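Hi everyone, thanks for coming along. Let me put the model on the screen, and then I'll walk you through it.

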Amino acid sequence: MKALYRTYQLLIALPLGLLLTLIISLTTGIGCMLGSQRFWGYWPMRIWSVGICCLLMLPVKVEGRSNIKPGKSYVFIANHQGAFDIFLIAGYLHRPFKWMMKKSLRSVPFVGWACEKAGFIFVDKASRHGLVQTIKDAREALQGGSSMAIFPEGSRTPDGQVQPFQKGSFMLARQIGLPLVPITIDGSFQVLPRSKGFFFVERHPLRLIIHEPLAPDDEAMEKSFAVIASGLPHNDK
């Protein structure tokens, strides 16, 4: 069965996924240039994300979507288990938002260009000036009535456990005054862990748990970490 699934990935899912990625990237970039960035920066990305999960036959379960109110802006904080975290949040959160992402992703062919046109925030940690500009860009994006999604660990976990959070996203939320929504991602590490790069995936259930919003106070980072970790199976003891 495993060999059959890998053959399917190589001969069918991979070429169709690359074609879908190209079409969605062009649609997003051109749409944002000619029309509403809020619409074109969200809907094509959502279709792409759901399409990739369906193409790879990955079962997805979402819990707690009722915890976020329609029309309200949030800073979404999620653990970073693997590459499929992006598809889970973009496809199944059902809320327009801006990504805060690594500056290096801007160089990804087509995808980086589309993200730039969609108004996503690229984090530049190379210098103090870069960090100041990142915070400025994020403030402008959030003040426009958008939400934002951030992986506060900074990179994918090497072992499936939640890694220590960085302070930047919580400082930003406190400055803007937006509530934080912790999100637990479970199963993405089993599908494609950091150690495997971007090759064959394993078929494994994916789960997205949307927790209740938290106030952006001085204890928000510790509270978010505890809430997110509580949603993982190995913490349910």
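Let me begin with a term: on a 1 Å grid over the protein atoms alone, a cavity is a set of points where a 1.4 Å probe fits but cannot get out, and its lining residues have an atom within 4 Å of a point. For volumes, grid points are joined across faces, edges and corners, and we take the space filled by probe spheres set on the points.

Please keep in mind that this is a predicted model, where local features need pLDDT of at least 70 and side-chain atom pairs count only at pLDDT 80 or more, while totals for chains, interfaces and linings use all residues. Residues are numbered from 1 along each chain as its sequence is written, and side-chain values use heavy atoms, with hydrogens and water left out.

So, how many cavities of 30 Å³ or more does a search of the whole structure find? There is one, and the volume of the largest cavity is about 60 Å³. Its lining consists of Gln37, Arg38, Gly41, Tyr42, Pro96, Phe97, Lys98, Ala118, Phe120 and Ser146. Both α2 (37-40) and β3 give at least two residues to that lining; helices here are DSSP runs of H or I with at least four residues, strands are E runs of at least two, and both are numbered from the N terminus.

Now the sheet. Seven strands form an open sheet in the order β1-β7-β6-β2-β5-β3-β4, with mixed pairing; two strands pair if DSSP finds at least two bridges between them. At the edges sit β1 (60-63) and β4 (121-123), each pairing on one side only. Inside the sheet order, β2 (residues 75-78) and β6 (residues 180-186) pair in the parallel sense over four bridges, and Phe76 stands opposite Val181 in β6.

On to the packing. The largest nonpolar core has 41 residues, and Phe84, Ile89 and Trp99 have the most contacts inside it. Such a core is a set of buried Ala, Val, Leu, Ile, Met, Phe, Trp, Tyr and Cys residues joined through side-chain atoms within 4.5 Å, buried being under 20% relative accessible area with a 1.4 Å probe, protein chains only. Apart from it lies another core, of 22 residues, including Met148 and Leu172.

Finally, α4: seven of its eight residues are buried, among them Phe87 and Ile89. After α4 comes His94, with a positive phi near 65°. Thanks, all!

Conventions. Buried means under 20% relative accessible area, exposed over 50%, partly exposed in between (1.4 Å probe, protein chains only). On a 1 Å grid over the protein atoms alone, a cavity is a set of points where a 1.4 Å probe fits but cannot get out, and a pocket is an open set with protein on both sides within 12 Å along at least five of seven lines; lining residues have an atom within 4 Å of a point.
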